[in-house]
Amino acid sequence: MTFNEQVQTDAGLFETTFTFDWVKPPLSLNYRLHRMAEAKIVKDLRSLMHAKARHVPELERIEVRLVWFVKDRRRRDDENPVATLKALCDGLVDAEVVPDDTREFMVKHMPEIRYEKGCVPHFEFTVKEIQ
């Protein structure tokens with residue numbers, strides 16, 4: 001996993017994008033995992049996000065977007081990566097970027113699946129400060 005440099009938006013607000021080299025979501029609403037196996041993946045995702053979000057300052061309110069870049073046009077359900085999004089958001093809370101992942105502090109956009117011809121499949125998770 002890598003991340004882009006943090007940037008300041010036009011309004012002077014914080015924004016950064018984390019890039020993950022996952023080909024498919026680590027967690028999906030369609031996976032039928034044993035609860036202990038799923039709990040381990042959730043824990044790993046939260047820990048990963050916590051570790052990588054250390055450079056993110058404490059913010060009052062943010063919006064997050066998860067985009068899955070795919071290399072073919074197969075049909076995929078937009079809702080499936082929601083479980084991955086949830087674990088990443090919990091990791092931001094663990095890193096104390098925001099106090100909680102409720103709407104008061106975090107606006108979560110529905111995950112997007114984006115086809116780009118010839119791309120290497122990956123995920124981008126954007127954290128943007130909002131007023």
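This is a predicted model: local features need pLDDT of at least 70, side-chain atom pairs count only at pLDDT 80 or more; totals for chains, interfaces and linings use all residues.
The largest nonpolar core holds 31 residues. Val64, Leu92 and Phe125 touch the most other members. Elements that give two or more residues to this core are strand 3 (14–20), helix 1 (35–52), strand 4 (62–70), helix 2 (82–94) and strand 7 (122–129). Helix 2 provides the largest share, seven residues. Leaving aside residues up to four places away in sequence, Phe125 has contacts that include Phe18, Phe20, Met49, Val64, Leu88 and Leu92.

Helix 2 has 13 residues, and ten of them are buried, so this helix is largely enclosed by the rest of the structure. Among the buried residues are Ala83, Leu85, Leu88, Asp90 and Val93. Their cover includes strand 3, helix 1, strand 4, strand 5 (106–108) and strand 7. At 1.5 Å a residue, helix 2 should span 18 Å; its end C-alpha atoms lie 18 Å apart, in agreement. Glu96 follows helix 2 and has a positive phi, near 60°.

Three aromatic pairs occur in the whole structure. The ring centres of Phe20 and Trp22 are 4.3 Å apart and the planes meet at 10°, so this pair is stacked. Phe20 is buried, at 1% relative accessibility. Trp22 is also buried, at 16%. Trp68 and Phe123 form a stacked pair, with centres 5.3 Å apart and planes at 10°. This pair links distant parts of the chain: Trp68 lies in strand 4 and Phe123 in strand 7, 55 residues apart. Trp68 is buried at 8% relative accessibility, and Phe123 is buried at 0%. Ring pairs join Phe20, Trp22, Trp68 and Phe123 into a cluster. The charged end of Arg76 sits over the Trp68 ring, 5.3 Å from its centre.

How values were computed
Residues are numbered from 1 along each chain as its sequence is written. Side-chain values use heavy atoms; hydrogens and water are left out. A nonpolar core is a set of buried Ala, Val, Leu, Ile, Met, Phe, Trp, Tyr and Cys residues joined through side-chain atoms within 4.5 Å. Buried means under 20% relative accessible area, exposed over 50%, partly exposed in between (1.4 Å probe, protein chains only). Helices (H or I, at least four residues) and strands (E, at least two) are DSSP runs, numbered from the N terminus. Contact means heavy atoms within 4.5 Å. The expected span of a helix is 1.5 Å times one less than its number of residues. Rings of Phe, Tyr and Trp (its six-membered ring) pair if their centres lie within 6.5 Å; planes under 30 degrees apart count as stacked, over 60 as edge-to-face and the rest as tilted. A charge sits over a ring if NZ of Lys or CZ of Arg is within 6 Å of the ring centre and within 35 degrees of the ring normal.
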